[in-house]
Amino acid sequence: MLKNNLKLLNFALLMSFLNFIFFHIPFFTFVFSKVDYKSWNGIVLIISLITLMVVANAFAFYLIFFLSRIVGKILLTLTFIISSVAVYFINTYSVIIDESMIGNIFNTNYEESSSFFSLKLILYIIFLGILPGIYIITVKIVNVPLKRFLTTTSLTLLFMIIVAFANASNWLWIDKNSKTLGGLAMPWSYSVNTSLFYIHEYKKNEKEILLPPATIKNNEKSVVVLVIGESARSQNFSLYGYGKNTNPLLSKEQNLHSFKATSCATYTTAGVKCILEHTNTDELYEILPNYLYRNNVEVIWRTTNWGEPPVHIKNYQKKENLLSNCKGEDCNYDGVLLSDLKEQIAASTKNKILVILHTSTSHGPTYSKKYPSRFETFKPVCNSVELGNCSQQELINAYDNTIVYTDYLLYNVIEDLKQLKDYKSTMLFVSDHGESLGEKNLYMHGMPVSIAPKEQYEIPFIVWVSEGSRQLKPAKNLSQNHVFHSVLNFLGIQSPVYNEEMNIFK
């Protein structure tokens, strides 16, 4: 039984021990997989990490509760609840709570976040978050004199420094795995990385860096439709040699080309930014739609997704804007993006048009809810948000059906463009990142790109060109940054930032 009357030091140690037991199995599972735990050095490293984990958290709790009992109870209760949610996602989807994952969380809307709710998540929150929180709120903590507090904190700091320097031979290993270790250590993974995320967001959004003025070189009527895919990995497209026929329509198209490509990152915000910028950088340069709109090109953005950099154009249309003129089953899915698209292009008074369709078709975990029932080609499918509860075949079947639906959407974009005979036209389909479907016990996406499996960064880059318009250069491997320069070239836009080596058209 837990006591209801504890000295401050004993309370801090107890909370740290519970925090260690509840939330650090993934941390030490990773450590045991990476070190030789039978060797003397491995034993020392593991014992040192356990000791530092418990002592460092106890030190933080001790300090906070000495300064303010009320604030300490509120913060620690929230910590246990948030950690319970975090460890649920780590255990269920094998994610790492690093800065990029924090960005994913803050760029997730209600529709996407609600798809993750499950009984298992509720149980995690109740038993690992709420019940400890009730104890934290009700327990009586006996304070300590200032002199004892200073002595305890000084000795604790000295102890942690000694343990750290005793492991000097392991610093290189810790540095090499610091991202993963930091992303699995609770509560530091989300508290530190949330701070870093907001610091970098503030710096990034201070001011968009404008690109130099561009010039439209000719009056030829031309249109580019850029379709940004969501979580589409190339290995599940039959256009890339996949054994199942996931591209029944595109495989019959003339003037269609598929290139091998990789994404800059494994999460939406960075992937979409990379597709739209002229070079891969941490700076916020003016993105493609803003740049072309500012230089007198008609730009249309339609989206069922989120996570793009700030878009400054007139025709920015979300799903709810498109629903009013949409009819049929597809209106509840990404098919809504095609509603009256051809008519909107034809109504433009400008000769140069860029259309961007930002889809959400293959986003997990509810793959089976991302397409109309008539596209359930492969069965049985996974219907659970806890992907580990499904067989891998059920999971892959559900995901493959999203690719079949993507095939249908891209085919219809091409058919619309074929009917716009006054225009030279092209369609580019590029995904923001890939997706893990249980390989190496990983699910979805968001792993740091330096350690991510290929499933999370090998993406499709599919191009269709209208008859008699343009030919394509032979290319083996493309990046997402090829989009910016290729769009400029196809539309006949001259710019100081244009890079011919990053253009796919002859």
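These legends go with close-up views of a predicted model.

**View 1. The annotated domain, residues 223–493.** According to an unreviewed UniProt entry, the feature "domain: Sulfatase N-terminal" covers residues 223–493.

**View 2. Thr359 and its surroundings.** Start at the loop between β8 (352–358) and α16 (392–419), where Thr359 sits. Its relative accessibility is 7%, so Thr359 counts as buried, the cut-off being under 20%. A polar atom of the Thr359 side chain lies 3.0 Å from the backbone oxygen of Ile228. Ile228 is also one of the residues that Thr359 touches, once residues up to four places away in sequence are set aside. Val227, Gly229 and Glu230 are among the others, and so are Thr304, Asn305, Asp334 and Leu337.

**View 3. The disulfides along the chain.** The structure holds 3 disulfides. Counting bonded cysteines along the chain, they pair as 1-2, 3-4, 5-6. As a reminder, a disulfide is a covalent bond between the sulfur atoms of two cysteines. The next views take them one at a time.

**View 4. The disulfide of Cys264 and Cys274.** Here the S to S distance is 1.8 Å. The bond links distant parts of the chain, 10 residues apart: Cys264 belongs to the loop between β5 (256–262) and α12 (268–276), while Cys274 is in helix α12 itself. Which of the two partners is buried, and which is partly exposed? Cys264 is partly exposed, because its relative accessible area is 22%, whereas Cys274 counts as buried at 1% relative accessibility.

**View 5. The disulfide of Cys326 and Cys331.** In this pair the sulfur atoms of Cys326 and Cys331 are joined at an S to S distance of 2.0 Å. The link is left-handed, with -95° about the S-S bond. Cys326 is buried with a relative accessible area of 16%, and Cys331 counts as buried too, at 5% relative accessibility.

**View 6. The disulfide of Cys382 and Cys390.** The sulfur atoms of Cys382 and Cys390 are 2.1 Å apart. Why is this disulfide called right-handed? The torsion about the S-S bond is about 65°, and therefore the disulfide of Cys382 and Cys390 is right-handed. Cys382 is buried, with a relative accessible area of 3%. Cys390 is buried as well, and its relative accessible area is 15%.

Technical notes:
Residues numbered from 1 in each chain as written. Predicted model: local features only at pLDDT ≥ 70, side-chain atom pairs only at ≥ 80, totals over all residues. Heavy atoms only, no water. Helix = DSSP H or I, 4+ residues; strand = E, 2+ residues; numbered from the N terminus. Buried < 20%, exposed > 50% of the residue type's maximum accessible area, 1.4 Å probe, protein only. Polar contact = N/O pair within 3.5 Å; in protein donor to acceptor, adjacent residues only side chain to side chain. Contact = heavy atoms within 4.5 Å. UniProt positions renumbered as here; feature names shortened; annotations may be inferred. Disulfide = S-S within 2.5 Å.
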